[in-house]
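Start with the whole chain, then turn to the pairing.

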Amino acid sequence: MKYGFDMKTQKQRMINSKLYMGDEELRQDMYEARCKMQDFNKSITAEEIREKAKNIFGEFGKDSMVTPPFRFDYGYNIFIGEHSYLNFNVSILDCAPVYIGDNVLIGPDCAFLTPNHPKDPEIRRTFIEYAEPIKIENDVWIGGKVTVIGGVTIGEGSIIGAGSVVVKDIPKGVIAAGNPCKVIRKIDENDKQVWQEKYDDYQKEMGEE
C-alpha cells in the first residue's frame, strides 16, 4: 500500500496533525534532539538549565525551570510560558506542539504524549502515524505520574490529581482525577478563603506583614 505526501513535507504534516511517515529530515532532527537532551540532563545549576533550555524549546519563558532528567522527541515543538516548573522525569513526545502556559506546575514522572497510531493493525505495520497537540493553560497544577494524551486541553487554574490519565479536555477552575480523568468539583471561593488565611498566617510567622 502506497501513500502520497505531495502537499507538504513529512515534518510539516507531523506538526499539522496529518498522517506522516518518518523520513531522513525527521530522523536527523531526532538525532540532534538526543544530543541536546544528553547535554541538558548533565546540567546542575538553574542558570545552566535555563540557558540550554532556550536552545532546545520553541519557547521558554522568563523564570521557568525544568529539573533534569527530562526527555523529549524534538524539543522545538515545546512552548513553555513564564514562571512554570517541570519536575524530575517529565517526558514530552512533541511530534505535535505542546503548549504549557504561565505559572504551570508539573509534578515528577508526568508524560505528555502527542503521537497516535492507526487502529487497524495492517495499516499500523506501515509505521504511518499522526500527532495531536496538547495545551496546558495558565495556572494549572498537574500532580505526579499524570499522563496527558494528544488532543487534550487542560483549562486555566485547574488541578489534575496524581496518577491521572487525561484523555479528554478538562474545563478551567476544577479539580479532576482518575483513569480516565474526570472532574471531581469546582475550585470555589471557600478554597480561595482557606488558602488566603493560610498564606496570611505564614506571612505573620515570617514577619512579612
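The protein chain carries 27 positive and 34 negative side chains, and the centres of the two sets lie 7 Å apart. Lys and Arg count as positive, Asp and Glu as negative, while His and the chain ends are not counted. Each charge is placed at NZ of Lys, CZ of Arg, CG of Asp or CD of Glu.

This is a predicted model: local features need pLDDT of at least 70, side-chain atom pairs count only at pLDDT 80 or more, and totals for chains, interfaces and linings use all residues. Residues are numbered from 1 along each chain as its sequence is written, and side-chain values use heavy atoms, with hydrogens and water left out.

The C-alpha atoms fill a box of roughly 70 × 40 × 25 Å along the principal axes. Of the 209 residues, 39% count as buried (under 20% relative accessible area, 1.4 Å probe, protein chains only).

The chain has 5 helices and 19 strands. These are DSSP runs, H or I of at least four residues for helices and E of at least two for strands, numbered from the N terminus. Two strands pair if DSSP finds at least two bridges between them.

An open, parallel sheet has 5 strands in the order β1-β4-β7-β12-β15. Its edge strands, β1 (59-60) and β15 (153-154), each pair on one side only. Inside this order, 3 bridges join β7 (residues 98-100) to β12 (residues 134-136). Ile-100 stands opposite Ile-136 in β12.

Elsewhere, β18 (residues 174-177) and β19 pair antiparallel over 4 bridges. Ala-176 has Val-183 in β19 as its bridge partner. The two strands form a hairpin with 4 residues between them, and Gly-178 in the turn has a positive phi of about 115 degrees. Strand β19 (residues 182-186) is hardly covered: of its 5 residues, the buried count is 0.

Technical notes:
Buried < 20%, exposed > 50% of the residue type's maximum accessible area, 1.4 Å probe, protein only.
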